[in-house]
Each structure stands twice: as C-alpha cells, then as structure tokens.
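Please look over the sequence and the model first, and then read the points below beside them.

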Amino acid sequence: MDFGMLGAAIVMGIAAIGSAIGIGIAGQGAIGAWKRCYVNNKPAPFILTVFAGAPLTQTIYGFLLMNSMRGKVEAAANAMNPGFALGLGLAAGLAMCFSAIAQGKAGAAGSDALGETGKGFSQYIMVVGLCETVALFAMVFGMIQ
C-alpha cells in the first residue's frame, strides 16, 4: 500500500466531511432564520445562502492540496516521503474539517442575527472568514512542503 497516496486521498475526504457537516449546521441556521422571517411577515434575506454555503470551500482546499501532494508523491525523486504525506493528509484534512464545522456554527449564528435584525452582515461574514483562514493556512502550508 502506498501511504503517500493514501495521505493525499485522506486530505480530500476529511475536508469534504467537514464541509458537509458545516453546511448542514449553517443551513439549519439559515432555514430557521427564513422561517422566522416568514412567520413575522418580514422579507427573507437571500444573502443567508452565503452563510449556508461558506463551508463548501474546504472541499476545494482539500482537493487542491490532494493534487499537490499526489504530484509530489508520484515524482520520480520521491519529493515527499510517504509517511510524511500520510501524516500531512490526516493533519491538514482534520484542520480543514474542523474549520468547516466552526464556519458552519458561525454562519448559523450570523444567519440568526441577520434574519432577526437585518443588520450586521459585514461583521458576521468577517467571523465566518476568520474560520476559513485556518483551512487556507492548512492548505498553503501543506503545499509548500
């Protein structure tokens, strides 16, 4: 078994799992906020879809890092040690996973607040972006190895 290729696959899979969980959490918040708007005969802000979809980007980062790792593992000079690649895949995948989950929670809270008040989108999206930063760092630092 090639542990390097396994590490490349794992980063993608774990990141995608986190995206799915995060989207589920943020989506629940957006749907709840929309429901409250409808019950109160207020306009339901479509912008809440931004919060609901934000955790999806971790899947993209996992895919990009997977391709980078795969290329290094396949390199004739074995540019990346297979054991290191397995560890990197696990660690970076988990970092992206938990980033997506945190982003989903922040997005759900942002949906609730924006749905209730109609104000503060820029502040709420900044917090969602801070959660995103962890996944970006994991991807970029993983790619430069």
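Which side chain meets that of E116 in a salt bridge? The partner is R36, at 3.0 Å from N to O, where a salt bridge is a side-chain nitrogen of Lys or Arg within 4 Å of a carboxyl oxygen of Asp or Glu. The model is predicted, and local features need pLDDT of at least 70, side-chain atom pairs count only at pLDDT 80 or more, while totals for chains, interfaces and linings use all residues. Residues are numbered from 1 along each chain as its sequence is written, and side-chain values use heavy atoms, with hydrogens and water left out.

**Overall build**

- The protein has five helices and zero strands, following the pattern α-α-α-α-α along the sequence; helices (H or I, at least four residues) and strands (E, at least two) are DSSP runs, numbered from the N terminus.
- Along the principal axes, the C-alpha atoms of the protein fill a box of roughly 65 × 25 × 15 Å.
- Of the 145 residues in the protein, 41% are buried, a term for under 20% relative accessible area, with exposed meaning over 50% and partly exposed in between (1.4 Å probe, protein chains only).
- Among contacts between residues at least 6 apart in sequence, 83% join residues at least 24 apart, and a contact means heavy atoms within 4.5 Å.

**Salt bridges and charge**

- The count of salt bridges comes to three, and one of them joins the side chains of D112 and R36 at 2.6 Å, N to O.
- Because D112 lies in helix α4 and R36 in helix α1, this pair ties together parts that are 76 residues apart in sequence.
- R36 is partly exposed, with a relative accessible area of 26%, and D112 is also partly exposed, at 38%.
- The bridge between E116 and R36 likewise links helix α4 to helix α1, so parts 80 residues apart in sequence are tied together; E116 is partly exposed, with a relative accessible area of 49%.
- A further salt bridge, at 3.9 Å from N to O, is formed by the side chains of R70 and E74, which both lie in helix α3 (residues 57–74), four residues apart, about one turn of the helix.
- R70 counts as partly exposed at 36% relative accessibility, whereas E74 counts as exposed at 52%.
- Through salt bridges that share partners, R36, D112 and E116 are joined into one network.

**Inside the fold**

- S111 has its place in helix α4 (residues 82–117) and counts as buried because its relative accessibility is 0%.
- Leaving aside residues up to four places away in sequence, S111 touches A26, G29, A30, A33, L48 and F51.
- G24, in helix α1 (residues 3–39), counts as partly exposed at 31% relative accessibility.
- Although G24 and I101 are 77 residues apart along the chain, their C-alpha atoms are separated by 9.1 Å.

**Surface**

- The accessible surface comes to about 7,300 Å², of which 73% belongs to carbon and sulfur atoms, as computed by the Shrake-Rupley method with a 1.4 Å probe; for residues, only the protein chains shown count as cover.
- I144 lies in the segment after α5 (121–143) and is exposed, with a relative accessible area of 62%.
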